[in-house]
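Hi everyone, thanks for coming. I'd like to walk you through how one chain packs together, so please have the viewer open.

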Amino acid sequence: MVGGGQLARMTHEAGIPLGIRFRVLSETPQDAAAQVAGEVVVGDHRDLATLRAFARGCDVITFDHEHVPTEHLRALEADGIPVRPGPDALVHAQDKGLMRARLTALGVECPRHRIVTDPADVERFATAEAGGFPVVLKTVRGGYDGRGVWVVRSAAEAREPFRAGVPVLAEEKVDFTRELAANVVRSPHGQAVAYPVVESVQVGGVCDTVIAPAPGLPEASALHAQRLALRIAAELGVTGHLAVELFETADGRILVNELAMRPHNSGHWTQDGAVTSQFANHLRAVLDLPLGDPRPRARWTVMANVLGGDFPDMYPAFLHCMARDPRLKIHMYGKDVKPGRKVGHVTTYGDDLADVRERARHAADYLRGTIDE
């Protein structure tokens, strides 16, 4: 797996029962997956020679991020190394402009959008195509967790995105009621499974809470979102896990916001809440093994991210959280605690949604140090 973050860490964990030897290309020896994987190569994923040396002897290469240059992935394929997802699919998660163009060509409903060239062009887009300001600007490559994304209310506010010298995508600011996510997994021979559609609550551009399944979502809308994600996976030739982030509007429309072709934060609930986790199914898919059952184990599962606060040592808080809620599941990533940084997550499950949400929220806040009782 290229990338040594928490996604690689949890994917490695899922591979242990299957006896999978797991090699990680990590930026530093301290990265989350590098702390636990049996084989760790420290190097730069942007360097082709490093990638080639890393891939030598691997049965398949997969990823915990989208930042490997597309041309390097094509070079690995030319060397005869299975890359899953392949560059022809992954480029749609790497380049937001290409993603929007392809989805539009497929007739998938997305926010109104266009590549823009300068602040004056942003104003033209806002006035003529987006129904006015505010609009959303995104660098076409490299952004995640709110980075590389700006909400601008005038042409004067639109200067910052162009300073990096990379293409900028303008989108209408959708007046959505909530964000959803449809997670699916597809294998090389076309077998695919769909997890329940979830509600994803964002705070400051970062995923805060995920509720599975999305409360109050009509069955027809849930089926539409699942079928849409399965269709996108098939049309783009995705192998492995695909997360389709969605907007739900007041009139019931479902619009595609983003794509991620790897395990995803909106699927972390599956570790404890589904028969087969997203991490296990991603591994099964990239190794072309039969996929596992994606159905939930409980009526409701809630995942809450644990963000770093002012207390660098969270582990003493385990005593309180575990004693208060023996059914609570805590997943920490081995990261240094910094304010606002994702350092772990908790999951809770049960039959009463209000109770399940409160338990998850309490544990995440207590571990962060924002509450003390």
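Helices (H or I, at least four residues) and strands (E, at least two) are DSSP runs, numbered from the N terminus.

Two words on the source. This is a predicted model, where local features need pLDDT of at least 70 and side-chain atom pairs count only at pLDDT 80 or more, while totals for chains, interfaces and linings use all residues. Residues are numbered from 1 along each chain as its sequence is written, and side-chain values use heavy atoms, with hydrogens and water left out.

Now, our opening pair. Helix α10, residues 317-324, packs on helix α11, residues 353-368, at an angle of about 170°, with the axes 9 Å apart. The two are therefore roughly antiparallel to each other. Their crossing is right-handed, that is, the near helix is turned clockwise from the far one by less than a right angle. Who meets whom, taking contact as heavy atoms within 4.5 Å? From α10 we have Ala317, Phe318, His320, Cys321 and Arg324, and from α11 Glu358, His362, Ala363, Tyr366 and Leu367.

Compare that with helix α1 (residues 6-15) and helix α9 (residues 278-286), whose axes come within 8 Å and cross at roughly 75°. These helices are therefore roughly perpendicular to each other. On the α1 side you'll find Leu7, Met10, Thr11, Ala14 and Gly15, and on the α9 side Phe279, Ala280 and Leu283. By class, that contact has six nonpolar, two polar and no charged residues. Here Ala, Val, Leu, Ile, Met, Phe, Trp, Tyr, Cys and Pro count as nonpolar, Asp, Glu, Lys and Arg as charged, and the others, Gly among them, as polar.

One more pair: the axes of α3 and α4 come within 10 Å and cross at roughly 165°. That makes α3 roughly antiparallel to α4, and this crossing is right-handed.

Stay with α4 for a moment. How many of its eight residues are buried? Seven are, where buried means under 20% relative accessible area, exposed over 50% and partly exposed in between, with a 1.4 Å probe and protein chains only. The buried residues of α4 pack against α3, α5, α7 and β12.

That brings us to the cores. A nonpolar core is a set of buried Ala, Val, Leu, Ile, Met, Phe, Trp, Tyr and Cys residues joined through side-chain atoms within 4.5 Å. The largest has 41 residues, and Ile232, Leu242, Leu246, Val256 and Leu259 have the most contacts inside it. Helix α7 gives the largest share, seven residues. Apart from this core lies another of 20 residues, including Met314, Ala317, Cys321 and Ala364.

Finally, find Ala229 in helix α7. At 0% relative accessibility, Ala229 counts as buried. Leaving aside neighbours within four places in sequence, Ala229 is in contact with Ala182, Val184, Leu242 and Val244. Its C-alpha atom is separated by 11 Å from that of Ala260, 31 residues apart along the chain.

Thanks, and I'm happy to take questions.

Conventions:
Axes are lines fitted to C-alpha atoms, for helices over the stretch in contact, and angles run from 0 to 180 degrees between N-to-C directions. Angles under 35 degrees count as roughly parallel, over 145 as roughly antiparallel, 65 to 115 as roughly perpendicular and the rest as oblique. Contact means heavy atoms within 4.5 Å.
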